[in-house]
Amino acid sequence: MIIKNGTILTMDGGKIIEKGFIQTEGKLISALGEMKDCPADDKDVIDAAGQFVLPGLVEAHCHIGLMEDGLGFEGDDINEDSDPVTPHLRAIDGINPFDHSFEEAWRAGVTTVVTGPGSANAMGGSFVAMKTYGKWVDRMILKNPAAIKCAFGENPKSVYHDKNQSPVTRMATAALIREQLSKAREYLDAMEKYENGEEDCEKPEYDAKCESLLPLLRGEIQMKAHAHRADDMMTAVRIAREFHLDYTLDHCTDGRQIKEELKELNAKCLVGPCLCERSKPELKNLSFQTPKELSEMGMDISLITDHPVIPINYLPLCATLAWREGMEYQKALEAITINPARSVGIDAFVGSLKEGKHADIVVFDKQPLDIMAHIMHVMIEGKIII
């Protein structure tokens, strides 16, 4: 397949090819460049003259497939709120790939999502990075596990306050997370001693919760920290530092209030949802000024919908509104492509247009952040979906 004559917004270091081509072979991009280097038209061709070509959009934090579109309890698998500490739950076991929202995602150009449990629990389980097109979740996976969900602030408090069960304070939420991480660290130490053949060291008894946290403690995946308020973000950072964890700060509603500190930390900030009501006290500072101001600090932020809080098909609109509020156009595009891919460690595969990467490609009839832009074509792993 060759897509030719389009303006290619590569998201690769800001490189733009004013009139270029992309060639795909199987699931991958095999070549791209200026039209003077385009191979002869001996294959299937899409003529994108006057159109704009972008990598498939990436949603870095949502719950698609776990909170099914248009259903109540029957399709709600987002929170196992019977236990505040459930790191051993796996999103892959609850996702319904036939949820209508997946089609809405790829029709909006969102080809990769990072989806997982909600924020009812102090520790909710593992997220997964996956493509939005397919019938069998296992064959849609890009990275599993992708992160372990931890939640700070009002949500765990409100859920378990109603149950007259801990945690009902921020202190208890942090304590539960520390306790489980400490247990997992001891489990890891014992496992390593056993595997190294140290004398008198027996294999520790299997513990599903501890086992699920080993990739996190080894630095293979991140702590995905749900945090809106500034103090909750700093609690997440404090715990991450204590246990030497890689982390992302998801939501960052108060990010403007501590932007200098976040810059100093070089924190990975996933901002949003901004296109929603202030439904609880910790959202009082909600604003599209937040992505603008964090970006102006030189931070590579990502924009998120938190689907179904904001329907996932509005991810491009979130970037448009951030741009309207003063975020640089290129930065707004990066916030829904390469930045979210980098934030979860899948940028070797998606997030930009480059030889060897997955052929996830979206063709717009206008500049992608134009409110009147329409998607003409969507390709996922080399397959034309639209």
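These are my notebook entries on a few spots I looked up in this structure, which is a predicted model.

**Entry 1: helix α1**

I started with α1, which runs over residues 100-107. Which of its residues are buried? I noted Ser-101, Phe-102, Ala-105 and Trp-106. Looking down the axis of α1, I found these buried residues within an arc of 135°, so they line one face of the helix.

Next I checked what covers the buried residues of α1. The cover includes β7 (110-115), β8 (123-131) and β15 (375-380). Past the end of the helix I stopped at Gly-109, which follows α1 and has a positive phi, near 90°.

**Entry 2: aromatic pairs**

I then went through the rings. How many aromatic pairs are there? The count is two. For each I wrote down two values, since a pair of aromatic rings is described by the distance of the centres and the angle of the planes.

Trp-106 pairs with Tyr-133, edge-to-face, with 5.8 Å from centre to centre and 75° between the planes. This one links distant parts of the chain: Trp-106 sits in helix α1, while Tyr-133 is in the loop between β8 and β9 (141-151), 27 residues apart. I also looked up how covered the two partners are. Trp-106 has 9% relative accessibility and therefore counts as buried; Tyr-133, at 34%, counts as partly exposed.

Trp-323 and Tyr-329 make an edge-to-face pair too, at 4.8 Å centre to centre and 85° between the planes. I have Trp-323 down as partly exposed, because its relative accessibility is 38%.

While on rings, I noted a charge over one of them. Lys-224 lies over the face of Phe-127, at 5.4 Å from the ring centre.

**Entry 3: Asn-5**

Is Asn-5 buried or exposed? Its relative accessibility is 16%, so I put it down as buried. The residue belongs to strand β1 (residues 2-9).

I listed what Asn-5 touches, leaving out residues up to four places away in sequence: Lys-19, Gly-20, Met-35, Asp-47, Ala-48, Ala-49 and Gly-50. With Asp-47 there is also a polar contact, side chain to side chain, at 3.1 Å. I checked Gln-51 as well: 46 residues along the chain from Asn-5, with 8.1 Å between the two C-alpha atoms.

**Entry 4: salt bridges**

On to the charges. Side chains of opposite charge can pair when their charged atoms come close. I have 21 salt bridges for the structure, and I looked into a few.

Asp-232 bridges to Arg-170, with 2.8 Å between the closest N and O atoms. The pair links distant parts of the chain, as Asp-232 is in helix α5 (residues 230-242) and Arg-170 in helix α3 (residues 170-195), 62 residues apart. Asp-232 is buried at 2% relative accessibility, whereas Arg-170 is partly exposed at 24%.

Asp-246 and Lys-268 form another salt bridge, the closest N and O atoms being 3.2 Å apart. Both partners are in loops: Asp-246 between α5 and β11 (247-251), Lys-268 between α6 (259-265) and β12 (269-271), so the bridge ties together parts 22 residues apart in sequence. I marked Asp-246 as partly exposed at 31%, and Lys-268 as partly exposed at 29%.

I also wrote down Glu-293 with Arg-256, a salt bridge at 3.2 Å, N to O. Glu-293 is in helix α7 (residues 289-296) and Arg-256 in the loop between β11 and α6, so this pair ties together parts 37 residues apart in sequence. Glu-293 counts as buried at 13%; Arg-256 is partly exposed at 27%.

**Entry 5: Glu-282**

Last, I went to Glu-282, in the loop between β12 and α7. At 1% relative accessibility, this residue counts as buried. What is Glu-282 in contact with, beyond its neighbours within four places in sequence? I listed Gly-153, Glu-154, Asn-155, Arg-170, His-226, His-228, Asp-232 and Thr-253. Two of those names, Arg-170 and Asp-232, I already had down as a salt bridge.

Notes
Residues numbered from 1 in each chain as written. Predicted model: local features only at pLDDT ≥ 70, side-chain atom pairs only at ≥ 80, totals over all residues. Heavy atoms only, no water. Buried < 20%, exposed > 50% of the residue type's maximum accessible area, 1.4 Å probe, protein only. Helix = DSSP H or I, 4+ residues; strand = E, 2+ residues; numbered from the N terminus. Arc of directions from axis to C-beta. Contact = heavy atoms within 4.5 Å. Phe/Tyr/Trp six-rings, centres within 6.5 Å; stacked < 30°, edge-to-face > 60°. Lys NZ or Arg CZ within 6 Å of the ring centre and 35° of its normal. Polar contact = N/O pair within 3.5 Å; in protein donor to acceptor, adjacent residues only side chain to side chain. Salt bridge = Lys/Arg side-chain N within 4 Å of Asp/Glu carboxyl O.
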